[in-house]
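Open the model in your viewer and keep the sequence panel beside it. The stops below are meant to be selected one after another.

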Amino acid sequence: MTIIATGLRYDCAGRTILHPTTFKATRGERVGLVGASGSGKSTLGHILVDALQATGKRVAHVPQSPDEALDPLRSMAFHWREAEKALGQPPNPLRQSALFTALRITGGDLRKRPWGWSRGMQQRFVIAMALLGTPDLLVMDEPTSALDPVVAAQTMGLLDQTLDGTDTALLLITHDLGLAASRVTRLMVMDQGRIVEDAPTSTLLSAPQSQAARALCAHRNWLALPC
Ligand SMILES: Nc1ncnc2c1ncn2[C@@H]1O[C@H](COP(=O)(O)OP(=O)(O)OP(=O)(O)O)[C@@H](O)[C@H]1O
Ligand SMILES: [Mg+2]
């Protein structure tokens, strides 16, 4: 199934945060959305999720902050049950245990509320909830921002394994061009509320066209400097 959403747009307080945008992804495609802070990546993620859900598409969303996904007054067990119910799944302790083991959150006490878990654990819990079903599109907004590099790499590896062989398309929103480069086949670059470039990952990295893409690629080279 090709996923298409057109006319995505967001205005706030008289300011256009997201200019009219179209998003397309083919079945199982892995797409990255990169751009400077404040360019509108998370806004596009939210508007896209709302638009697709309104048309009956199954979309899982890992928001940039676990606070957006977790109710501070509810236990972690409550959140897990709600995720299963939303997907029409009966409680499945084995599946839960497999996901918790893979994401290294087996030590978390499900009776606690979110503040009883570290931010990194909360983030991995939200990723585990997103991996419970088989959505048409998985939108992950900075999914590893609260994780140390080792756990971040493990988490992305698990994501690859989970998505391999499924029809779930991925939209990976990140500041980290290096992370996106190794995980997606197409990159979209956002600048001031507009997609200014959309190209296969290797093309974009080797010959960025827009100023925003060139700036991101230059930044990646700075990180490679030995100092
Ligand atoms: N509800 C709102 N009211 C006012 N401004 C908003 C609102 N939501 C977003 N913005 C503004 O929209 C712009 C885009 O924000 P957004 O969070 O989408 O950027 P981003 O690319 O995800 O940034 P980051 O990389 O820092 O997460 C920012 O300038 C932000 O201040
Ligand atoms: Mg953001």
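How far apart do the end C-alpha atoms of residues 3-217 lie, and how much of the span is helix and how much strand? Select that range in this predicted model: its end C-alpha atoms are 28 Å apart, with 38% of the span in helix and 25% in strand. An unreviewed UniProt entry places the feature "domain: ABC transporter" at residues 3-217.

Six of them make an open sheet with mixed pairing, in the order 4-5-6-3-7-8. Strand 4 (59-62) and strand 8 are at the edges; each has a single partner strand, so one side of each lacks a neighbour in the sheet. On average, neighbouring strands of this sheet are turned by 15 degrees against each other, direction ignored.

Go to strand 3 (residues 30-35) and strand 6 (residues 169-173). These two run parallel and are joined by 4 bridges. Pick Arg 30 to find Leu 170 of strand 6 opposite.

Now select strand 7 (residues 186-191) and strand 8 (residues 194-200), an antiparallel pair joined by 6 bridges. Here Met 188 stands opposite Asp 198 in strand 8. Strands 7 and 8 form a hairpin with 2 residues between them, and Gln 192 in the turn has a positive phi of about 45 degrees.

The last stop is helix 5 (residues 149-163). Its 15 residues should span 21 Å at 1.5 Å a residue, and the end C-alpha atoms are 21 Å apart, which agrees. After helix 5 comes Gly 165, with a positive phi near 80 degrees.

How values were computed. Residues numbered from 1 in each chain as written. Chains lettered and ligands numbered in written order. Predicted model: local features only at pLDDT ≥ 70, side-chain atom pairs only at ≥ 80, totals over all residues. Expected span 1.5 Å × (residues − 1). Pairing = 2+ DSSP bridges. UniProt positions renumbered as here; feature names shortened; annotations may be inferred. Axes fitted to C-alpha atoms, helices over the stretch in contact; angles between N-to-C directions.
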